[in-house]
Amino acid sequence: MNRKNTGRAALATLPFLLALAADLILFATRRDRLPAQLASHFVGNGRADDYAGRTSYVVITTVLLVGTGALWALMTARGGFHGRAYRGAVASGYAVAGFLGYLMAVVLLVNVDAAEDGQGRAQDVSFPMWQLAAALGVAALAFGLGLLLAAVVAVPEVPSVDGQADGATAGGERITLAAGEVAGWARSAGSRWLLPAAALTCAGGVVLLYTLGWIAAVPLLVLGLLLVTFARPNVAVDRRGITVSGMLPWPRVRVPLDRIEAAASRDIKPLTEYGGWGYRIRPGRTGVMIRSGEGIVARLADGRDFAVTVDDSATAAALLNTLIDQRRTEH
């Protein structure tokens with residue numbers, strides 16, 4: 001990792017370390033005033049219905065904040081962020097750190113000086129639901145701080161998309177196929193951070209389920225499961241065209257061969273060109289963006305582009321051009 005990426009990673013990790021330090025200091029200074037079993041899970045009216053030991057609180061808080069901070073450091077250092085997108089990514093990390101750190105602190109503070117029952121469990125402890133609104137307020141303030149601090153770290157200039165060939169031309173590379181020969185190409189389009197992101201999202205959902213209940217946990221759990229499904233999507237090129245599918249048969253994206261005019265391979269910047277990751281729709285282009293880097297760009301008959309980021313895209317584009325030539329010859 002070069003010096004610039006190291007600076008980016010450090011800036012992205014900082015809020016999570018600060019949130020962890022604040023939570024651990026609160027725990028250390030109030031340890032003697034905590035019950036043996038903290039109220040850790042709360043139902044819709046804020047009343048506690050489950051408990052955890054002091055050590056469990058420390059472990060969960062540490063794993064949650066350190067793991068999420070590591071993920072954010074990896075994304076900002078290696079994710080191909082530029083300009084406003086980079087500042088937004090850093091600021092979003094500050095917001096997440098503020099939100100999680102505040103909630104874990106409140107869980108601890110509502111247990112301070114709580115009476116214990118015969119099993120050491122906290123009694124008469126509740127989690128005021130207005131604290132969720134307060135956590136969102138802390139996240140908003142942290143977001144603003146992140147925007148300011150992100151301006152301190154040098155960011156590369158946004159590459160000009162206009163200087164690149166958005167689509168493909170008819171003069172692209174080909175693969176030689178004998179008459180009647182059939183060929184296909186397939187590759188996994190994985191990302192180094194997508195699977196860890198899915199795991200951490202699911203873990204965050206479990207933590208919220210453990211502390212705040214289903215209402216807060218379900219959105220993260222659903223998002224985590226969707227990320228797991230598409231953590232390593234498969235990209236296939238054959239006489240049917242381009243097919244992108246996840247671990248399950250559905251949903252999938254297919255671009256029929258008869259809609260494709262030509263294909264090429266080039267470097268793609270998802271944030272700059274498509275506004276983010278996942279299935280993206282932009283003026284004049286659509287695509288499945290898994291990561292930054294090389295990808296297939298197909299020029300469609302309606303003048304739009306379809307792109308998918310995947311390794312060995314040059315081979316896939318050459319095969320597409322060959323299959324397009326065969327289709328035209330047949331017709």
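1. The backbone oxygen of Arg121 lies 3.4 Å from a polar atom of the Gln123 side chain. Gln123 itself sits in strand β4 (residues 122-123); strands here are DSSP runs (E, at least two residues), and helices are runs of H or I of at least four, numbered from the N terminus.

2. A word on the basis: this is a predicted model, where local features need pLDDT of at least 70 and side-chain atom pairs count only at pLDDT 80 or more, while totals for chains, interfaces and linings use all residues. Residues are numbered from 1 along each chain as its sequence is written, and side-chain values use heavy atoms, with hydrogens and water left out.

3. Leaving aside residues up to four places away in sequence, Gln123 touches Tyr51, Ala114, Ala115, Glu116 and Asp117 (contact: heavy atoms within 4.5 Å). Its C-alpha atom is 9.7 Å from that of Gln37, 86 residues away along the chain.

4. Now to β7: is this strand enclosed or open? Five of its five residues are buried, so β7 is largely enclosed by the rest of the structure (buried: under 20% relative accessible area, exposed over 50%, partly exposed in between; 1.4 Å probe, protein chains only).

5. Five bridges join β6 to β7 in antiparallel fashion, and the two form a hairpin with two residues between them (pairing needs at least two DSSP bridges). Ala236 stands opposite Thr243. β7 also pairs antiparallel with β8 (residues 252-256) over five bridges, with Gly241 partnered by Pro256.

Definitions and conventions
A polar contact is a pair of N or O atoms within 3.5 Å; within protein, one must be able to donate a hydrogen and the other to accept it, and residues adjacent in sequence count only if both atoms are side-chain atoms.
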